Amino acid sequence: MPKKFFYAVLLVVLISAGGEVACQNGWFKAGEDRYYDLWHQLAGRRYDPRHTVIAAIDDQTRLEHADEPLVFWGPLFARAISVLRQAGARVMGLDFVFVVSAEAWLKKLKLPESSLSRTFDLPLREQLAAGRVVLAGDLAMDVQGKAKVLLPPPDYWGSLPEGLEDVGLVNFFFQDQDGVIRSLAPAYPLGGGDVWVTFAQLLATRYAGGKSTGKASTRLPIAFAGPPGAIPRVSFRKLLTPDALRDPQVQGLKDKVVIIAYEPSEVQDKHQTPYARLMSGPEVHANIVETILTGRSPRPVPLPYRLVYLVILFTLGIALFYRFSPVPGLMTLVLLASGAAAFSYLLFRGNWLLPAAVPQLGLLLGYLGILGLRLTGEERERARLQQIFGRYVSGEVVEKLLASGRQPDLGGEGYRVTVLFSDIRNFTSISESLQPQEVVEMLNTYFSRACEPILEQGGMVDKFIGDAVMAVFGAPASQPDHARRAVAAARKKK
């Protein structure tokens, strides 16, 4: 028992330490990510967004303005921003990377100058200058592999009250290797100590009155409100109608972060999320804004609590694996692993992150470790007991001795047993009429046939006395029904 206890403690310590190191270093991130995605899919819609709405340029909007290229939508954006401002929207973000203005495009065509070519975007520039508007930039790589920020035209960002500080990057910098977006980046370091704030972070910052709510080095899980479609939307076309401010949907935009985005059905700006469904880029931005403003980002369970959990789980598992034989132990492993996953999911519902794959792997290692110890230790013990009792007891008795975990005292023990004596009737007179070889053959045949039912019933052949067999039932392995077994053996039936 002390040796078993030592091995159990050693296993718990090694597996717990290894599990925590694996958690710290993210060695099983791929497995944990699979569970993280599964938890999202099981949870479905997690909460109702309170801060963000998408003003979507949908199919209906595109059909109504099919003859107007997007580069000439400046007046339309100006009208929409004006309506949003009157409706009380707190911040507006244009999720478009403008590479050229309409006026610059007209100049590029070298058409005769007119007032239109100089003032076409004036309404939009006036709305940008009025504040509470964020524009989008994009980080791209040139042919030399150097990062370069694609900015809106200077006449756009130059109209913003804070200039380039009102431009945020729309890139998703923390996209995992499997292509799934799970984390947010408040800002991106450009080198030399400079950072550029991301689009969603900038919207949240402006919503909070300009107070910074993140650092460039911060990586936080996104608290998705739900699967694609969970963020409320209002059609962009509603903002362009003459009576837009009477629309209940438009009135509901008061104190909201409104992201104006291009979302027709054929849009390519879609990304993988934990929900195993493509989500539009603007909706990902909206979820990030919600995460920052609500503080719902899932938090890892603190190290002390996580370590205590691992120790308790592995201690319970190894104790049960020691107690049960391999097949019930395997069933126990499945139950404990399922329980660990269920516990991780329950904590996720409360925005806590507890590993699931690492504890399951630890339980599997514990099971295999105990199985290995059992196989090596029990095989040696079985061979020893077989050598001692193999000639006199059945394999069933040896197995019971091993299962009991108690070794027989070769110095003597007290048992309540049944003793069976069996001999050949009139053996003396019969043997006198036979040749010596015939007597030996008869005894061999008799002992073989007499010992077979004894061993079948779990009895122990104690000795042979001439033509008699002495058998004991109920020792060295305890048998509550030893008397019944002895009678069954005597009658040669079970």
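**View 1. Strand 3 and strand 5 run parallel and are joined by 3 bridges.** The model shown is predicted, with local features requiring pLDDT of at least 70 and side-chain atom pairs counting only at pLDDT 80 or more, while totals for chains, interfaces and linings use all residues. Residues are numbered from 1 along each chain as its sequence is written, and side-chain values use heavy atoms, with hydrogens and water left out. Strand 5 covers residues 167–169, and its glycine 168 is the bridge partner of alanine 136. Strands (E, at least two residues) and helices (H or I, at least four) are DSSP runs numbered from the N terminus; two strands pair if DSSP finds at least two bridges between them.

**View 2. Strand 3 also pairs with strand 2 and with strand 4.** Strand 2 (residues 91–94) and strand 3 (residues 133–141) are parallel, with 2 bridges; methionine 92 has valine 133 as its bridge partner in strand 3. Strand 4 (residues 147–150) runs antiparallel to strand 3 and is held to it by 4 bridges. Leucine 139 has its bridge partner, valine 149, in strand 4. The hairpin of strand 3 and strand 4 has 5 residues between the strands, and there glycine 145 adopts a positive phi near 80°.

**View 3. Helix 4 packs with helix 7.** The axes of helix 4 (residues 74–87) and helix 7 (residues 122–129) are 7 Å apart and form an angle of about 35°; axes are lines fitted to C-alpha atoms, for helices over the stretch in contact, and angles run from 0 to 180 degrees between N-to-C directions. Gly74, Phe77, Ala78, Ile81, Ser82 and Arg85 of helix 4 meet Pro123, Leu124 and Gln127 of helix 7, where contact means heavy atoms within 4.5 Å.

**View 4. An open sheet of 3 strands has the order 16-18-17 and antiparallel pairing.** Strand 16 (418–422) and strand 17 (460–465) are at the edges with a single partner strand each, so one side of each lacks a neighbour in the sheet. On average, neighbouring strands of this sheet are turned by 20° against each other, direction ignored. Strand 17 and strand 18 (residues 468–473) are antiparallel and share 5 bridges, and lysine 463 stands opposite methionine 470 in strand 18.

**View 5. Helix 17 packs on the sheet.** Helix 17 (residues 436–456) touches strand 16, strand 17 and strand 18, and its direction makes about 10° with that of strand 18. Helix 18 (residues 482–490) lies across strand 16 and strand 18, at about 15° to strand 16.
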